[in-house]
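Here is a short report on side-chain contacts in one protein model. Look at the structure first, then read on.

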Amino acid sequence: MRWSNYFLYTLREVPSDADVISQKLMMRAGLIRKVAAGIYNYLPLGLRSIKKLEQIVREEMNRAGATELLMPAIQPAELWMESGRWQKYGRELLRIKDRHDRDFVFGPTHEEVITETVRDSINSYRQLPINLYQIQTKFRDEVRPRFGLMRGREFIMKDSYSFHTTRESLDQTYEAMRKAYSRIFNRCALDHVPVEADTGNIGGSASHEFMVLAQSGEDAVVSCPHCKYGANIEKATSKFFDDETEPAPAAAVEDIHTPGTKTIDDVGRFLGKPTSQLVKTLVFDTDLGPVMVLVRGDREGNEVKIKNHLGAQWMEMLPDTRFEEATGAPIGYCGPVGTKCARVLADYSLRGRSNWIVGGNRRDTHTANVNPGRDFPEPEYGDFSTVFAGDPCPRCGTPLELYRGIEVGHIFKLGTKYSESMNCVFLDEGGERKPMIMGCYGLGIGRTVAAAIEQSHDDDGIIWPMPIAPYEVVVTVVGKDENVVRTANEIYEKLLAAGIEVLLDDRDERPGVKFKDADLIGFPLRIAVGAKSLAGGNVEWSWRRDRAKQLDAPDAVTARVIDEVKAARSQGL
């Protein structure tokens with residue numbers, strides 16, 4: 001393709017409403033343009049990367065035994081009422097009406113539609129298992145869309161769904177999908193890690209997220225460098241315990257005057273004790289009523305773990321306006337002794353410890369030597385705290401490492417959540433009707449492209465991994481000399497003939513403008529044909545990743561670039 005005939009226009013200034021580097025660079029490089037909040041045009045250059053990723057996804061999904069179909073983006077509300085999600089999904093679900101005043105939704109996901117499709121087509125165990133996937137546009141009405149393609153409202157997603165007769169069959173497909181996802185991200189040359197994750201609104205018994213590692217990632221993930229255990233921060237566990245010495249004998253309860261100490265750090269400074277020797281009290285409002293959660297003073301409560309343990313539909317910090325009425329204590333001095341909260345939870349890090357220092361339930365007062373079972377009823381113990389870097393791995397004990405990551409894929413074991421509510425059943429060998437067991441596997445297409453940019457860029461622009469770069473090579477015509485133009489065209493034509501994806505920058509622009517655009521867009525390989533080097537019988541070529549310039553004869557450079565591209569294509573296959 002010749003740039004002079006292509007729809008490609010770069011921006012010099014960073015768009016004022018761009019939040020993250022991928023959004024800034026994609027807009028400046030002419031990959032996307034904003035239409036409305038969270039809604040973008042995929043311009044020709046950006047669409048090429050999208051389509052290249054889609055092809056990799058299709059190849060690996062087909063290789064794993066899945067079959068492609070395409071479902072409608074607009075879905076009848078009746079299906080969502082069947083599954084029970086019409087009321088539960090929340091305001092992210094875009095509800096619309098047609099001219100006959102019938103309710104529809106713009107699908108954020110397709111569990112309901114695929115379940116209806118399978119239940120109307122399959123009725124025997126002999127027809128299972130089956131795994132169906134699509135690549136399609138979805139819509140989630142995010143409260144605050146931001147970060148470009150990272151958290152848009154309209155987005156392209158690969159979603160697949162499997163149906164099984166047994167848990168063992170689901171496990172096999174789940175593992176096949178996990179391996180397929182790893183191959184996809186390996187082929188895209190992305191540094192990634194699969195991690196255990198919470199199932200969230202989708203539901204199910206187990207799930208894994210696939211995280212592209214990047215400092216700008218909005219998710220925290222932990223990983224073990226020894227056994228490769230990994231989990232997002234909402235799900236991660238560890239072998240974190242205090243020392244295993246015998247607890248001290250229970251001492252007499254003692255109230256301590258602690259004026260102006262509303263935070264755990266304030267209390268620690270006032271008493272001259274490390275916060276690890278104190279107990280932090282958190283109180284949450286839930287649909288089940290107020291709940292008190294106790295964690296070690298130097299740890300953080302993990303709201304996802306707490307909510308899952310409770311089985312609550314919703315949970316939030318108890319509002320200040322209701323705090324004293326619900327707990328019987330002023331804010332900052334709340335503790336478990338005599339609390340009004342019907343349920344008290346305590347993190348495993350407190351189990352076996354004696355003589356706790358807790359809030360005294362009176363202003364400017366804390367209480368020392370509090371012991372569960374003696375001074376208040378034994379709490380419900382569980383894993384309610386957030387893992388820190390350096391905590392011992394739950395599998396092998398090696399210190400865990402903490403990273404920032406961008407979620408690009410998520411796979412779930414759904415079980416029978418949707419098949420039971422929507423009567424998606426099969427007849428087993430004995431003729432008994434049983435609900436199909438389901439799996440669900442999502443991968444964000446645009447999000448993965450954006451994550452690649454978040455992971456690989458510099459001050460001048462994008463540094464594309466070859467497999468999803470919009471073009472593999474750019475040939476830059478430097479000047480108007482007849483010999484320069486002819487040589488550049490010859491190189492361009494030879495690369496095209498060899499099947500290389502190449503863009504010829506033949507614009508009537510200054511060399512500096514062309515080189516800056518090449519850096520901004522991030523073509524993996526660039527060839528510059530200029531009069532000065534050509535006078536010596538050479539042209540210049542370099543990789544975008546290091547920009548180390550090399551000179552050689554035009555034919556030699558062409559052959560070398562073809563070899564480099566083909567070698568890069570073969571990696572990860």
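## An aromatic cluster

Phenylalanine 185 and phenylalanine 210 are both buried (buried means under 20% relative accessible area, exposed over 50%, partly exposed in between, with a 1.4 Å probe and protein chains only). Tyr181, Phe185 and Phe210 make up one aromatic cluster. Rings of Phe, Tyr and Trp (its six-membered ring) pair if their centres lie within 6.5 Å; planes under 30 degrees apart count as stacked, over 60 as edge-to-face and the rest as tilted.

The structure holds ten aromatic pairs. One of them is tilted and joins tyrosine 181 to phenylalanine 210, at 5.2 Å centre to centre and 50 degrees between the planes. Tyrosine 181 lies in helix H6 (residues 167-187) and phenylalanine 210 in strand S10, so this pair ties together parts 29 residues apart in sequence. Helices (H or I, at least four residues) and strands (E, at least two) are DSSP runs, numbered from the N terminus. Tyrosine 181 counts as buried, at 0% relative accessibility.

## How the model is read

This is a predicted model: local features need pLDDT of at least 70, side-chain atom pairs count only at pLDDT 80 or more, and totals for chains, interfaces and linings use all residues. Residues are numbered from 1 along each chain as its sequence is written, and side-chain values use heavy atoms, with hydrogens and water left out.

## Salt bridges

The structure holds 48 salt bridges (a side-chain nitrogen of Lys or Arg within 4 Å of a carboxyl oxygen of Asp or Glu). Arginine 447 forms one with glutamate 218, with the closest N and O atoms 3.0 Å apart. This pair links distant parts of the chain, 229 residues apart: arginine 447 is in helix H11 (residues 445-455), and glutamate 218 is in the loop between strand S10 (206-213) and strand S11 (219-223). Arginine 447 counts as buried at 15% relative accessibility. Glutamate 218 is partly exposed at 26%.

Arginine 269 bridges to aspartate 266, with 2.7 Å between the closest N and O atoms. Both lie in helix H7 (residues 264-271), three residues apart, about one turn of the helix. Arginine 269 is exposed at 61% relative accessibility. A network of salt bridges links Asp458, Asp460, Asp519, Arg526, Arg544 and Arg547.

## Charges over rings

The charged end of arginine 299 sits over the ring of phenylalanine 388, 4.3 Å from its centre. Such a contact needs NZ of Lys or CZ of Arg within 6 Å of the ring centre and within 35 degrees of the ring normal. Arginine 507 lies over the face of tryptophan 3, 3.8 Å from the ring centre.
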